[in-house]
Each structure stands twice: as C-alpha cells, then as structure tokens.
Amino acid sequence: SQEEWGRRYNISLLDQHSELKRLAEARALSAAEKQAREEEHILESVAQSKALMGVAELAKGIQYEDPIKTSWRPPRSILNQPEERHERIRRELRVLVEGDDVPPPIKTFQHMKFPKGILRGLEAKGIKKPTPIQVQGIPAVLSGRDMIGIAFTGSGKTLVFTLPIIMFCLEQEIKMPFIKNEGPYGLIICPSRELAKQTHDIILHFIKHLKMTGSPEIRSCLAIGGVAVSECMEVVQRGVHIMVATPGRLMDMLDKKMVRLNVCRYLCMDEADRMIDMGFEEDVRTIFSYFAGQRQTLLFSATMPKKIQNFAR
C-alpha cells in the first residue's frame with residue numbers, strides 16, 4: 001500500500017504525494033499520446049479507404065477514383081506558393097490533414113472567390129476572417145474533394161459545407177436554371193430537427209444576401225419532423241437546389257417518391273457521430289442507394305471514434 005511504501009523507504013507524505021502525482025501525470029500523458037496516435041492512425045486509414053458508397057454501388061463493384069470536377073481553383077498567387085508555406089499555416093492553425101494533393105489553406109474569404117452576396121452575408125453576421133477549419137476545409141470542398149472533418153461545436157464547421165454548396169448551386173442555376181420538380185442538387189443530413197433548422201436558417205441568410213446583390217434565386221427546403229411535408233414539397237415542385245433533412249423524414253419522402261436524388265451531387269452529413277449513436281446508420285446507407293451517380297461526400301464529426309472510421313469505410 002501507499003503507507004507501507006512510504007514507511008519502508010522513509011519517504012515523507014509530501015514526497016509520496018509528489019511522486020504519485022508525477023506517476024499519474026505520466027500515465028495521463030501516455031494515455032493522451034496513445035489517443036493521439038490512434039486518431040492519427042484512424043485518419044490515415046480513412047484517407048486510404050473508399051468514399052462512402054451505397055449498397056448497390058458496392059454490389060456492382062462501382063468505384064469512383066477521381067473527385068467530382070469543379071470549376072473552382074485557388075488564386076494563382078496562392079497556387080504558386082511553396083508547399084512549405086501551406087504546411088506552416090496548418091501548423092500555426094493546428095490543422096491536421098491527411099490525403100493526397102490536399103488543396104492549399106486560404107486565409108481570407110475574398111481569396112476563396114466567394115461572390116459579393118456571400119461576402120455581404122458574412123459581413124452581416126460579423127464574420128471577418130475564416131476559422132482554422134474554414135481556412136483548410138472550404139478550399140478542399142470547393143475543389144470537389146470528399147472530406148471528413150473533425151471539429152468541435154463552435155468551430156465554424158457549418159460554413160465549411162454550406163458556403164460551397166450555395167456556390168455550386170448558384171453555378172448550376174446560372175448555367176441551366178432548375179425546372180419544376182428538379183433537385184435537390186445538394187443534400188445536408190443532420191441528426192436532429194434543431195440542428196437541421198439552424199443549418200437551413202444559415203443557408204437562407206446567404207441566399208437572401210445573394211438575391212439582394214442580383215444573383216439568381218437559390219431555393220432551399222427543410223425536411224424534418226414537426227414541419228408539414230407540404231411546405232417542403234412546395235419548394236421541391238418549383239425546383240429545389242438544397243435540401244436540409246433529418247434521416248427519418250428524408251427516408252419517408254424518398255420511399256414515397258416525393259423527392260428524388262437523381263441530380264444530387266453533393267452530400268453532407270453533419271454530426272455523423274451523433275447520427276450513428278442515434279441508430280441512423282442503416283438509414284443513411286440506404287439513402288446512398290438513391291443517388292444516381294457520383295457525388296461529393298462530406299462527413300463532419302465532433303470526435304473520431306472507431307464507429308465513424310468503420311462507417312466511412
């Protein structure tokens with residue numbers, strides 16, 4: 001026991017306390033190191049794994065090797081910078097990345113080439129510069145890359161997937177306006193009604209500011225329990241660009257053929273860890289089977305537990 005150990009070696013209680021504290025700290029450090037190593041290993045294995053795929057795609061052996069093509073490119077001034085510059089910024093911001101040809105981090109929204117309406121929307125919210133996850137995440141998403149983002153609540157992760165989806169939809173609408181019953185082009189799945197509504201409200205904010213600056217109308221709908229399906233269908237029937245949904249309501253609408261994902265090319269799952277905890281994993285995998293082609297897939301999680309690693313395989 002601790003007392004016997006102290007008596008045997010004639011060590012004072014204060015020294016015993018100091019020694020035990022040192023041992024406890026060493027154990028805690030080794031546990032933290034172990035966790036860090038495990039998370040690094042998970043990131044590496046996820047980077048090497050297949051993109052999230054539907055059951056039908058897996059059964060048919062369909063595999064997409066290249067990311068979705070987008071017209072967005074980082075500014076030439078940033079592209080011409082050496083890789084050391086990008087690594088330095090990541091170190092400064094404590095951003096850990098895994099994957100091949102990772103797009104460079106971009107430290108201003110202007111350099112991300114957002115249109116005037118988006119910039120005004122950011123200004124209206126008092127957002128002046130990107131957070132660390134936005135600095136690296138937004139360029140990755142705008143480049144068409146599949147991405148798993150691990151970020152805590154309040155990190156600004158919502159803008160990482162909402163701003164690019166609005167950009168992509170705007171580009172599509174300018175090229176060829178959406179017709180009746182067409183869409184969604186982008187789908188965001190959230191584990192709860194509250195989170196879905198918050199996300200949808202953010203999208204509406206930026207859509208409003210885009211419209212105020214003369215951009216074409218981008219339409220978004222909210223598909224959650226507690227909100228009449230007719231409200232969502234009203235938007236769908238006009239041609240919908242973005243749908244924010246909870247798994248249950250979305251599954252119901254897909255099952256009843258009220259909405260189709262044949263033109264959907266952008267899928268984001270926010271708080272994926274919560275979604276799996278709540279038992280939605282099977283629903284989400286079924287939702288994948290409704291896609292008619294390749295899509296860009298984004299998965300956000302506050303943590304990177306083993307279950308997320310397995311889900312992303």
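In the predicted model, Asp270 is in contact with Lys157, Phe161, Ile189, Cys190, Pro191, Leu195, Met275 and Phe300, leaving aside its neighbours within four places in sequence. Asp270 belongs to the loop that runs between β5 and α12 (272-277). Its relative accessibility is 0%, and because buried means under 20%, Asp270 counts as buried. Two of the residues that Asp270 contacts, Phe161 and Phe300, are themselves buried.

The protein chain has 313 residues, of which 46% count as buried. The chain contains 14 helices and 6 strands. Among its contacts with a separation of 6 or more, 75% are between residues 24 or more positions apart.

Aromatic pairs were searched for over the whole structure, and 4 were found. One of them is formed by Phe109 and Phe114, whose rings are tilted, with 6.3 Å centre to centre and 45° between the planes. Phe109 has a relative accessibility of 2% and so counts as buried; Phe114, at 6%, also counts as buried. Phe161 and Phe300 form another tilted pair, with 5.2 Å centre to centre and 50° between the planes. This pair links distant parts of the chain, since Phe161 lies in helix α8 (residues 157-175) and Phe300 in strand β6 (residues 296-301), 139 residues apart. A charged side chain is also placed against a ring: Arg295 lies over the face of Phe291, at 5.0 Å from the ring centre.

The largest nonpolar core comprises 44 residues, and the members that touch the most others are Phe114, Leu163, Ile188 and Ile242. Two or more residues are given to this core by each of α6 (116-124), α7, α8, α9 (193-212), β4 (242-245), β5 (266-269) and β6. The greatest contribution is that of α8, with 10 residues. Beyond residues up to four places away in sequence, Ile242 touches Ile165, Ile166, Cys169, Pro184, Gly186, Ile188, Ile203, Ile218, Arg219, Ser220 and Cys221. A second, separate core has 28 residues, including Leu261, Ala272, Phe280 and Val284.

In helix α5 (residues 83-93), the buried residues are Arg85, His86, Ile89 and Arg90. Viewed down the axis of α5, these residues fall within an arc of 135° and therefore line one face of the helix. Glu84 and Arg91, on the other side of α5, are exposed. The cover over the buried residues of α5 includes α4 (76-79) and α7 (132-142).

In helix α10 (residues 229-238), Cys232, Met233, Val235 and Val236 are buried. The arc they cover around the axis is only 160°, which puts them on the same side of α10. The exposed residues Ser230, Glu231 and Glu234 are carried on the face turned away from the buried side of α10. Included in what covers the buried residues of α10 are β3 (220-223), β4 and α11 (247-255). Just after α10, Gly239 has a positive phi of about 100°.

The loop between α5 and α6 contains Gly99. With a relative accessibility of 40%, Gly99 counts as partly exposed. Its C-alpha atom is separated by 9.4 Å from that of Met147, which is 48 residues away along the chain.

An unreviewed UniProt entry places the feature "short sequence motif: Q motif" at residues 107-135. In the model, the end C-alpha atoms of residues 107-135 lie 5 Å apart, and the span is 45% helix and 0% strand.

How values were computed:
Residues are numbered from 1 along each chain as its sequence is written. This is a predicted model: local features need pLDDT of at least 70, side-chain atom pairs count only at pLDDT 80 or more; totals for chains, interfaces and linings use all residues. Side-chain values use heavy atoms; hydrogens and water are left out. Buried means under 20% relative accessible area, exposed over 50%, partly exposed in between (1.4 Å probe, protein chains only). Helices (H or I, at least four residues) and strands (E, at least two) are DSSP runs, numbered from the N terminus. The arc is that of the directions from the helix axis to the C-beta atoms. Contact means heavy atoms within 4.5 Å. Rings of Phe, Tyr and Trp (its six-membered ring) pair if their centres lie within 6.5 Å; planes under 30 degrees apart count as stacked, over 60 as edge-to-face and the rest as tilted. A charge sits over a ring if NZ of Lys or CZ of Arg is within 6 Å of the ring centre and within 35 degrees of the ring normal. A nonpolar core is a set of buried Ala, Val, Leu, Ile, Met, Phe, Trp, Tyr and Cys residues joined through side-chain atoms within 4.5 Å. UniProt positions are given in the numbering used here, feature names are shortened, and annotations may be inferred rather than shown by experiment.
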